[in-house]
Amino acid sequence: MELQFDSEKKSLSLFFQGDLSSNNVIEKIEPIEDTLKRIRGMSEKWCSLKINLIQTKLIDSTGLNLIISLIKFAKSLDAEIEILVSSIHVDRVLKKINFLGKEIKVRKVGNPH
Amino acid sequence: MQKQNKVLIVDDDKVVREILHLMLGKHKYLTSEASSGREAINILSNYETEPYDCVITDNHMADIDGYELIKWTKTNIPELATIMMTSDNESATVRKVFKGGAVDFLRKPPQVHSLLNSVSKAIEITDSKRSAFAKQEALAEINEFQRYLVENIPEDLPFDIELFNHPKNEIGGDAMTFFPISEQETIIILIDVSGHDLKAGFISTFFRGILRGMLENGSDILDIIKYFNTYLLREWGKQLGNQADLPTVTTSLCLTAILIEHKNNCDFKATVINSGLPSIKFCKPDGNEMVITKEGSCPLGWFDELELETFELDLDKGSSLLLWSDGIEDLALSSGVDPFAMAYHLLYCKEQALDSPYLKNPPDDISLLRISIPISLFNSDNVYIPILSETHEGDRGNKIDEIQEVWNQSIRLAIPTIKEDKLLDILLCIRELAINAFEHGCQGKADKNFRIQISYNYENSLLKILINDEGAGHDFEFSDAIEIDMESNEHQSLGLSLVNALADEFKSLNNGAHTRLIFSI
């Protein structure tokens with residue numbers, strides 16, 4: 001998971017490498033927690049969050065829970081949220097979810113491969 | 001009388017040809033001459049009726065040079081050894097000549113002893129290649145004959161047989177035979193002899209012959225099996241053991257016999273006897289698969305006492321019997337797929353399978369048989385054929401990624417046309433239900449199991465997944481819409497909601513201990 005901050009646009013980009021599945025999330029929980037702490041620490045500096053899932057082919061409920069917690073945190077700051085996907089499957093899964101009370105932009109882009 | 005070897009001398013210099021003719025003639029070689037590369041090719045085009053044992057060629061000739069002639073010979077008469085003889089001393093020429101296929105290189109003018117030495121070595125190479133090619137041709141003929149014996153299914157059987165047979169080498173130790181005992185009864189036998197070489201091929205053909213002879217003379221299959229066991233132990237094993245000071249058991253034989261009794265139109269009874277082959281599978285039309293003989297029974301030729309297991313069942317519309325030699329399981333394991341997926345692929349994607357890399361050097365001989373009622377006798381639209389059947393111990397939840405990869409590869413192999421995104425939907429749903437089964441159904445305990453079965457209905461392109469665990473299930477709620485309340489930290493069972501949203505049909509029984517998914521592919 002890579003974190004990038006664009007100070008001009010006040011935009012935070014979070015880039016996920018590989019699938020967002022139970023084992024991946026559990027195995028990488030420490031770096032994930034660290035990144036989340038950094039995001040929370042920077043809360044006054046950003047007003048939009050871009051979650052980049054372009055390299056994610058499969059997302060399961062554990063991976064979704066992680067995304068949902070990010071969305072909830074961004075919502076608490078009233079930040080805009082955009083999710084970039086390339087996999088039809090991930091796009092379909094995210095569009096099946098109704099994030100009540102928050103508009104989430106899910107944008108499908110070309111396959112990186 | 002000793003055979004006189006024939007050498008073709010190719011050179012545009014008549015003097016060189018005559019000197020070589022004299023030198024070789026003195027040592028009992030027969031020679032012919034060609035003054036150009038083209039003339040040599042004309043002479044060698046009649047090689048089948050006028051064979052040569054060696055060609056000596058000059059390099060620089062007007063029409064076709066020596067290098068081109070050597071290449072032509074390598075392509076068209078691969079067993080015939082060629083020698084290049086030239087005054088060209090450059091190492092690049094030497095390298096090129098050997099790369100082109102020459103077996104030796106001589107400098108002009110050659111010394112007698114080096115010429116004779118070179119010709120003698122070349123002829124040895126030709127002889128050895130001829131012998132290897134002849135063996136290869138003989139093996140190919142035996143392979144064709146064995147294939148005929150294995151795949152020769154009587155045309156008027158009242159039931160359907162689908163089979164796949166592929167020996168590891170040219171000849172294999174697996175054999176099948178289909179023997180109509182009467183108008184109503186047919187016996188089907190699959191034999192797997194230990195080993196997968198010429199010896200195994202010979203032994204399996206030997207036993208197949210005895211078997212057919214005994215059946216023709218009215219012997220009962222159980223008596224035949226007992227006789228084979230005794231024969232292997234008392235006569236064959238003993239004799240070989242005495243001669244070669246080897247242990248008594250030198251050859252073992254696995255055998256499955258299925259007697260199919262045709263009662264009337266769609267009413268068939270099958271009696272199955274297995275000794276040593278992998279368990280026989282009874283596949284129901286709904287895709288459920290049932291193992292009907294135990295795993296790990298002993299082959300014939302091991303012990304005096306035989307524990308033969310006989311199983312009777314009714315073979316009704318859409319159900320089938322699947323039997324295979326252990327080569328299928330080895331091949332599936334080395335390919336990272338479930339044996340059912342491999343069996344499906346070999347039976348229904350045969351052409352593609354024969355071209356695939358994993359069949360170029362399979363780990364064992366492969367034999368596979370599916371017996372079913374002809375689909376012309378009933379509506380087969382709702383028949384599902386298993387492509388995966390797994391049982392997992394409850395403490396293997398941490399291996400979910402490895403397990404998922406087997407589902408992934410198995411579905412891809414059985415349904416090569418499946419779209420990537422659809423497959424990911426399916427994998428996600430199976431994963432969610434499997435994690436539930438590991439965590440809730442089996443509570444992570446090694447002594448609890450759950451089972452996954454995947455089957456495919458080709459007619460309607462439907463994939464069915466059944467996941468059953470031993471637990472009592474648990475209370476869970478999910479609705480058709482997946483709604484995340486942003487104000488609350490609690491939300492509905494997300495995994496099951498996803499499954500419900502992605503599958504074309506999702507049914508859950510016993511509080512989720514038994515689940516069924518259907519996907520339209």
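Is B:Asp447 buried or exposed? With a relative accessibility of 62%, B:Asp447 counts as exposed. The points below concern a predicted model.

1. Acidic surface patch. B:Asp447 belongs to a patch of negative charge on the surface, where B:Glu393, B:Asp395 and B:Glu470 also gather. Within chain B, B:Asp447 is placed in the loop that runs between α12 (420–441) and β17 (449–457).

2. Cysteines. A disulfide is a covalent bond between the sulfur atoms of two cysteines. A search of the whole structure, over all chains, returns 0 disulfides. B:Cys298 accordingly takes part in no disulfide, and the nearest cysteine sulfur, belonging to B:Cys254, is 9.5 Å away. B:Cys298 is partly exposed, its relative accessible area being 34%. In chain A, A:Cys47 is also partly exposed, with a relative accessible area of 41%.

3. Backbone geometry. Most residues other than glycine have a negative phi, and most peptide bonds are trans. The following residues deserve a look on that account.

4. Cis peptide bond. Between B:Lys108 and B:Pro109 the peptide bond is cis, with omega near -10°. B:Pro109 sits in the chain B loop between β5 (104–107) and α5 (112–151).

5. Positive phi in chain A. A:Lys10, although not a glycine, has a positive phi of about 50°. This lysine lies in the loop between β1 (2–6) and β2 (11–15) of chain A, and A:Lys10 counts as partly exposed at 43% relative accessibility.

6. Positive phi in chain B. B:Ser461, a residue other than glycine, has a positive phi near 50°. B:Ser461 is found in the loop between β17 and β18 (462–469) of chain B and, at 25% relative accessibility, counts as partly exposed.

How values were computed. Residues numbered from 1 in each chain as written. Chains lettered and ligands numbered in written order. Predicted model: local features only at pLDDT ≥ 70, side-chain atom pairs only at ≥ 80, totals over all residues. Heavy atoms only, no water. Patch = residues over 30% accessible without salt bridge, like charges linked within 9 Å, V, L, I, M, F, W, Y side chains within 5 Å. Areas by Shrake-Rupley, 256 points an atom, 1.4 Å probe, with all protein chains shown as cover. Salt bridge = Lys/Arg side-chain N within 4 Å of Asp/Glu carboxyl O. Lys, Arg positive; Asp, Glu negative; His and termini not counted. Charge placed at Lys NZ, Arg CZ, Asp CG, Glu CD. Helix = DSSP H or I, 4+ residues; strand = E, 2+ residues; numbered from the N terminus. Buried < 20%, exposed > 50% of the residue type's maximum accessible area, 1.4 Å probe, protein only. Disulfide = S-S within 2.5 Å.
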